[in-house]
Amino acid sequence: MTKTAPDLLTFGETMALFMPQEYRGIEGAPSLEQSFGGAESNVAIGAARLGCSVGWFGALGDDPFGRSILKRIRGEGVDVSRARLTQGAQTGMMFREMVAGKLAVHYYRKHSAASQMQPDDLDLAYIKSCKLLHVTGITPALSESCRETILTAVTAAKEAGVTVSFDPNLRLKLWTIEEARRVVLPLAEQADYFLPGWDELRLLYETDDFTEVKAKLAQLNAVSIVKGIGDATVVLERGEATEVPFYPADKVVDTVGAGDGFCAGFLAGLLKGMSPVEAVRLGSINGSLVVQMRGDWEALPDWTTVERRLSDKGWVER
């Protein structure tokens, strides 16, 4: 009998991560720190730390990097029972550095284990028994088989009445914007919650006119959570727009992982019974805490930390 799934499921590629200490360039760095990162596993860890029942699955190489990643995600309280280690294919890698004060990321993920995921790899009964499936636009950008896999997962979820959350997470190093539009926009049409950034929407809809974009989003069935319009997130639900200001960060150290932290907080809020606007507020707090430390997922806060800020009467929404 198939095991009942956690409340929240997500899947995709998680990679070994290497970066110099102290925000240096790789060429001049005597050593590199090792960690791991992937949008979906970052979200899974973040939601688990907020007290949610979470599962992550995907394919990793049966190598030291893959085995280490699997153990560390499991150690965060995330169900990895459907993740697998693949022989004959390597774990993807990414290298991060600072170049002229700007972040640069180098991917080594071609032919990785995750890029070879197939629809047959999915445990559809597992997916159909969760409450919320979260997917991103990164996975379908990896390969044609990954594209088919994510479409199969979303279709299975919709058939079972599972809520679907979709973050486009555009990675234009993986595919062109034209390719992305052909996949991302149809996925948005199937989602119950669509979480794009304003910069992503400008590329996807080829306009800087928010009124025009808002009209297009109104045609979706999804509640749209538009991040980064000025210093706020805009919730578009049933034709109504609600602006939620960013929660202030005392000190910004590293912006990597902020979006995943926001997403983890938002999904956790939904699972805790919050309205979309309340969940956005939780996501904003979560994201603000992530940027105050270095790392993709290491700074993701626990529920006690976030709950204290949720009850902070000093934060006044405009």
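Visitor: Which backbone atom lies 3.1 Å from a polar atom of the side chain of Ser143?

Guide: The backbone nitrogen of Cys146 lies at that distance from the side chain of Ser143. This is a predicted model, in which local features need pLDDT of at least 70 and side-chain atom pairs count only at pLDDT 80 or more, while totals for chains, interfaces and linings use all residues. Residues are numbered from 1 along each chain as its sequence is written, and side-chain values use heavy atoms, with hydrogens and water left out.

Visitor: Where is Ser143 found, and is Ser143 buried or exposed?

Guide: Ser143 is found in the loop between α4 (139-142) and α5 (144-159), where helices (H or I, at least four residues) and strands (E, at least two) are DSSP runs numbered from the N terminus. At 17% relative accessibility, Ser143 counts as buried, a label for values under 20% relative accessible area, with exposed over 50% and partly exposed in between (1.4 Å probe, protein chains only).

Visitor: What polar contact does the side chain of Thr14 make?

Guide: A polar contact is a pair of N or O atoms within 3.5 Å; within protein, one must be able to donate a hydrogen and the other to accept it, and residues adjacent in sequence count only if both atoms are side-chain atoms. The side chain of Thr14 makes such a contact with the side chain of Ser41, at 2.7 Å. Thr14 itself lies in the loop between β1 (8-11) and β2 (15-20), and Thr14 is buried, with a relative accessible area of 1%. Leaving aside neighbours within four places in sequence, Thr14 is in contact (heavy atoms within 4.5 Å) with residues including Phe36, Trp56, Leu60, Ile69, Ile73 and Thr91.

Visitor: Which backbone oxygen does the side chain of Lys227 reach?

Guide: The side chain of Lys227 reaches the backbone oxygen of Leu195 at 3.0 Å. Lys227 lies in strand β12 (residues 223-229) and is buried, with a relative accessible area of 16%. Beyond the neighbours within four places in sequence, the residues in contact with Lys227 include Asp167, Pro196, Trp198, Thr233 and Phe262. The C-alpha atoms of Lys227 and Asp199 are separated by 8.7 Å, with the two residues 28 apart along the chain.

Visitor: How many aromatic pairs are there?

Guide: Rings of Phe, Tyr and Trp (its six-membered ring) pair if their centres lie within 6.5 Å; planes under 30 degrees apart count as stacked, over 60 as edge-to-face and the rest as tilted. By this rule the count comes to nine aromatic pairs. The rings of Phe57 and Tyr126 have their centres 6.3 Å apart and their planes at 65°, so this pair is edge-to-face. Because Phe57 lies in strand β4 (residues 54-57) and Tyr126 in helix α3 (residues 124-128), the pair ties together parts that are 69 residues apart in sequence. Phe57 is buried, with a relative accessible area of 6%, and Tyr126 is also buried, at 1%.

The rings of Trp198 and Phe210 have their centres 5.5 Å apart and their planes at 80°, so the pair is edge-to-face. Trp198 counts as buried at 13% relative accessibility, whereas Phe210 is partly exposed, with a relative accessible area of 24%. Phe18, Phe65, Phe95 and Tyr108 form one aromatic cluster.

Visitor: Which ring does the charged end of Lys272 sit over?

Guide: A charge sits over a ring if NZ of Lys or CZ of Arg is within 6 Å of the ring centre and within 35 degrees of the ring normal. The charged end of Lys272 sits over the ring of Trp303, 4.1 Å from its centre, and Arg109 lies over the face of Tyr107, at 4.6 Å from the ring centre.

Visitor: What is the phi of His111, and where is its place?

Guide: Most residues other than glycine have a negative phi. Phi of His111 is near 65°, a positive value in a residue other than glycine, and the place of His111 is in the loop between β8 (102-108) and α3. His111 is exposed, with a relative accessible area of 54%. Asn169 also has a positive phi, of about 40°, although it is not a glycine; Asn169 is in the loop between β10 (163-167) and α6 (177-190), and is buried at 10%.
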